[in-house]
Amino acid sequence: MTSVCPIPPTTTAPATPTSPASLTAAAALPARTPAGLVGDTPLLWVGEPFAAPGRGFWAKLEGRNPGGIKDRTALHMVACARERGDLLPGAPIVESTSGTLGLGLALAGVTHGHPVTVVTDPGMEPMMIGLLRAYGAEVHLVATPHAVGGWQQARRERVEELLAARPGAWCPDQYHNPDNVTAYRTLAHELIAQLGRIDALVVSVGTGGHSAGIASVLRGYFPALRVVGVDTTGSTIFGQPAAPRLMRGLGSSIYPRNVAYALFDEVHWVAAPEAVWAARSLARSRYATGGWSVGAVALAARHLAATLPAEARIAAVFPDGPQRYAGTVFDDDYCRRHHLLAGAPAPEPDRIAHPTERVVTRWTVCDTVVDPLTESAAGPTGAGDGPAGAAR
């Protein structure tokens, strides 16, 4: 006798559709091009046990895009360059990436018919290199970090060499391209449509594109919005000195001009073991998780949920999913080799009054946010004199 799976008592039986049209009304629209698969990503409530009882935040799951959050900016930057005539039909695209933008550019290349070359370094996961090549991208690995700018600067210099050798090739220059910012207006609009009201936004900061693009739109609708930037220890973006960085996808050894310093109310620096703990805890408690950036963002959002009023509506952007981190964040042997399994982080972050107060090596927060290049030129007392150096 064939058994029938009963509907659990807590589940309401779906109504029987009265017409075939009802069956497809809630389905995602079919996509005629790969680009049509990007966007409209879901939100997931992240509450206890990851957050304190009665507290939590909404996670925007950008890992549901084909390659991650940077699918949005890759497609937008390429489309804008084609429209301006900067990128001619069939011309090569060459760019530096730690991974996620490379996948987005491969997607844009397939969509618009451009060969794609990405320059990366030995820190890129073998799985990511394999995926990029599977999607038709040519992958170049630099062998030696730059003496001052580290792997990031070494990659950029290699990009310049490739561009010089390939007439007509185009580089998106994600670190300084304003199209990298405007690409994320759609993500901000999705958040507004999904949540209605947003009181706080938690975003990782690397090139500065998605943090500036989302926060600038949201603040136009919600002037009191609290914007929390999440960086990694060893990153120079918010005024700390450069140091070797294990985490990829957030942080920088250079100063991207897309970072909109005046939008931030506070910045959190998170160390690699703390991000690993948060990413793994998310996996066990909420199933939806990701890598370094997701762990760092989740840790800051968890803290914000505990300290803001219970009714505050917090949106946290998770840039990607967990798949590419199976050999790093979620690999016990890798984590032991790099001393990443130190247990739960401190219940509260350290706090400093100014980004240059001291070098931070663990989770630390600062509510004075300045552009380090402006402050370097003007001195600490002049840091807030211009728009780029304004602190919120």
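Trainee: Leaving out residues up to four places away in sequence, which residues does phenylalanine 57 touch?

Mentor: First, the ground rules: this is a predicted model, where local features need pLDDT of at least 70, side-chain atom pairs count only at pLDDT 80 or more, and totals for chains, interfaces and linings use all residues. Residues are numbered from 1 along each chain as its sequence is written, and side-chain values use heavy atoms, with hydrogens and water left out. Contact here means heavy atoms within 4.5 Å. With that exclusion, Phe57 touches Leu44, Trp45, Val46, Phe50, Ala298, Ala301, Arg302, Ile314, Ala316 and Phe318.

Trainee: OK, and which residues touch the most other members of the largest nonpolar core?

Mentor: A nonpolar core is a set of buried Ala, Val, Leu, Ile, Met, Phe, Trp, Tyr and Cys residues joined through side-chain atoms within 4.5 Å. Buried means under 20% relative accessible area, exposed over 50%, and partly exposed in between, using a 1.4 Å probe and protein chains only. The core has 38 residues, and those touching the most other members are Phe57, Val202, Val230, Trp292 and Phe318.

Trainee: Which element gives the most to this core?

Mentor: Elements are DSSP runs, numbered from the N terminus: helices are H or I with at least four residues, strands are E with at least two. Those giving two or more residues to this core are β2 (57-61), β6 (200-204), β7 (226-232), α9, α10, β9 and α11. With 10 residues, the top contributor is α10.

Trainee: How many residues are in the other core that lies apart from it?

Mentor: Its members include Phe238, Leu263, Val317 and Ile352. The number of residues in that other core is 34.

Trainee: What angle do α9 and α10 make where they pack?

Mentor: Axes are lines fitted to C-alpha atoms, for helices over the stretch in contact, with angles running from 0 to 180 degrees between N-to-C directions. The α9 and α10 axes are 7 Å apart, and the angle is about 85°.

Trainee: What do we call that arrangement of α9 and α10?

Mentor: Under 35 degrees counts as roughly parallel, over 145 as roughly antiparallel, 65 to 115 as roughly perpendicular, and the rest as oblique. That makes α9, relative to α10, roughly perpendicular.

Trainee: How many residues of the α9 and α10 contact are nonpolar?

Mentor: On the α9 side you'll find Ala272, Glu274, Ala275, Val276, Trp277, Ala278, Ala279 and Leu282, meeting Trp292, Val294, Gly295, Ala296, Ala298, Leu299 and Arg302 in α10. Ala, Val, Leu, Ile, Met, Phe, Trp, Tyr, Cys and Pro count as nonpolar, Asp, Glu, Lys and Arg as charged, and the others, Gly among them, as polar. That gives 1 polar and 2 charged residues, and the nonpolar count is 12.

Trainee: How far apart are the end C-alpha atoms of α9?

Mentor: The expected span of a helix is 1.5 Å times one less than its number of residues. For the 15 residues of α9 (residues 272-286) that comes to 21 Å, and the model agrees, because its end C-alpha atoms are apart by 21 Å.

Trainee: Which residue just after α9 takes a positive phi?

Mentor: Covering the buried residues of α9 are, among others, β1 (43-46), β8 (266-270) and α10 (292-307). Just past the helix, phi is positive at about 70°, and the residue is tyrosine 287.

Trainee: How many of the 13 residues of α3 are buried?

Mentor: What covers them includes α2 (70-84), β3 (93-96), β4 (116-120) and α4 (126-134). Among the buried ones are Leu101, Leu103, Leu105 and Leu107. α3 is mostly covered, and its buried count is 10.

Trainee: Is alanine 91 buried or exposed?

Mentor: Alanine 91 is in the loop between α2 and β3. Not counting residues up to four places away in sequence, alanine 91 touches His114, Pro115 and Gly168. Its relative accessibility is 9%, so alanine 91 counts as buried.

Trainee: What distance separates the C-alpha atoms of alanine 91 and alanine 169?

Mentor: These two are 78 residues apart along the chain. Their C-alpha separation is 5.7 Å.

Trainee: Which residues is glutamine 152 in contact with, leaving aside its neighbours within four places in sequence?

Mentor: Glutamine 152 is in helix α5 (residues 150-165). Its relative accessible area is 8%, so glutamine 152 is buried. Its contacts beyond those neighbours are Tyr175, Arg245, Ser252, Ser253 and Ile254.
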